[in-house]
Amino acid sequence: MGEDRMEIYRVPAVIMRGGTSKGVYILEKDMPAEREKWDSLLLRIMGSPDKKQIDGLGGSQSVTSKVAIVGPSSRPDADVDYTFAQVSVDKPLVSYKGNCGNISSGVGPFAIETGLVEAREGQTTVRIYNTNTDKIIAADIRTENGKVVYEGDFAIAGVPGTASPIRLKFVDPAGTLGKGLLPTGSPVDVLEVPDLGPVEVSIVDAANPLVFVRARDLGLSGRELPDELNADPQKLDLLEKVRGLAAVKLGLIEDWTRSAWETPGIPKMTFVAEPEDYLAADGREIKEEEIDLLSRMMSMQKAHPSYAMTGAMCTAAAAVIPGSVVNQVCRKGMNPQFIRIGHGSGILECGVDYKENGAVPQIQDTFGFRTANLIMEGTVRAEL
């Protein structure tokens, strides 16, 4: 097909690392006015479907194939609106279901860099409305002389070096699907898993919906590393099977075998275990006393290399739900303001503010710290 028959887009864009993810950040005004063109444009920008994403900006993993679309907000409680897009690496698929907390950590700096929010001296709080989940996120960002300060001494597991901390607070995070903190109404459900049998799970919805299962119930330990899981197709298939059945339970799909196509991003699959010594992916020894639970997450049918920020927010909320799978494996007497999740790349610290409210606590907010970095700004060319 000749170029004269193609539509050529030249889109101003920024590549940013947000937390342990990396994505393309675009102003909404620079996207096509016709929303139906977004998917094909984002697929072209990222170079999907192709497992190498060799002809686009994607990095060949789900955590590096993400897009943030940001614009001014008309809401009185928000400064900017932010839409998250998960672009599949190997499928012609773009999902807008759910949010990415790591990519969220780059939205505030991007809003300041592009003039959507004016920087204050010392610290700038950017109030972000996430359109995917209909929730507000408050991001506290260090700023000096009208500019974002990226340099600092704060480290997060899964990212080399140090940077300036960004505090993310997810306000009233429960019920992104409109069904409350426990969308099934129960802290524990039983799924009948083909070729395995009944498995207890907790389906919790805070910041994003997650399905939690005890590692041992799936023949796992909770100490597995991402490469180990990704090299075991049978375990990947089992984990996706459980996730698909949970998606059916949530009413997201009718056929669990279609989960990877019809709802690839939510619920997020997570398996947990009691605290125990283990080796992180970089060979560092994590001691049992340093963590409050072991947890491993999946992302787009592969093992997450570290831990999703929204996953941490939901894990923190699940930890204070009496009887939930997470609550059962967590260290007894843990501090809900300082929950330490042992994941494949190290430790993620997070917290939850809540009120006792009978059997189901009222989650006021969840919070944690990330870092971000502006890597590149320029124009991406895409032919449609």
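This is a predicted model: local features need pLDDT of at least 70, side-chain atom pairs count only at pLDDT 80 or more; totals for chains, interfaces and linings use all residues.

Residues are numbered from 1 along each chain as its sequence is written, and side-chain values use heavy atoms, with hydrogens and water left out. Helices (H or I, at least four residues) and strands (E, at least two) are DSSP runs, numbered from the N terminus.

- Strand 1 and strand 2 run antiparallel, paired over five bridges; strands count as paired if DSSP finds at least two bridges between them.
- Strand 2 is largely enclosed by the rest of the structure, because six of its seven residues are buried (buried means under 20% relative accessible area, exposed over 50%, partly exposed in between, using a 1.4 Å probe and protein chains only).
- On to the next partner: strand 2 and strand 3 pair in the parallel sense over five bridges, with Ile-26 opposite Ile-69 in strand 3.
- Getting from strand 2 to strand 3, the chain passes through helix 1, and this β-α-β crossover is right-handed (with the strands pointing away from the viewer, the path from the first strand over the helix to the second runs clockwise).

**Helix 1**

- In helix 1 (residues 38-46), the buried residues are Trp-38, Leu-41, Leu-42, Leu-43, Ile-45 and Met-46.
- They pack against several strands, including strand 1 (8-18), strand 4 (80-87) and strand 21 (372-383).
- Just past the helix, Gly-47 has a positive phi of about 85 degrees.

**The cores**

- The largest nonpolar core has 63 residues, and Tyr-82, Phe-212 and Ile-339 have the most contacts inside it (a core is a set of buried Ala, Val, Leu, Ile, Met, Phe, Trp, Tyr and Cys residues joined through side-chain atoms within 4.5 Å).
- Helix 6 (residues 309-319) gives the most to this core, with eight residues.
- A second, separate core of 28 residues includes Leu-220 and Ile-291.

**Ser-259**

- Ser-259 belongs to helix 5 (residues 259-262) and is buried, with a relative accessible area of 2%.
- A polar atom of the Ser-259 side chain lies 3.2 Å from the backbone oxygen of Trp-256.

Key:
A polar contact is a pair of N or O atoms within 3.5 Å; within protein, one must be able to donate a hydrogen and the other to accept it, and residues adjacent in sequence count only if both atoms are side-chain atoms. Contact means heavy atoms within 4.5 Å.
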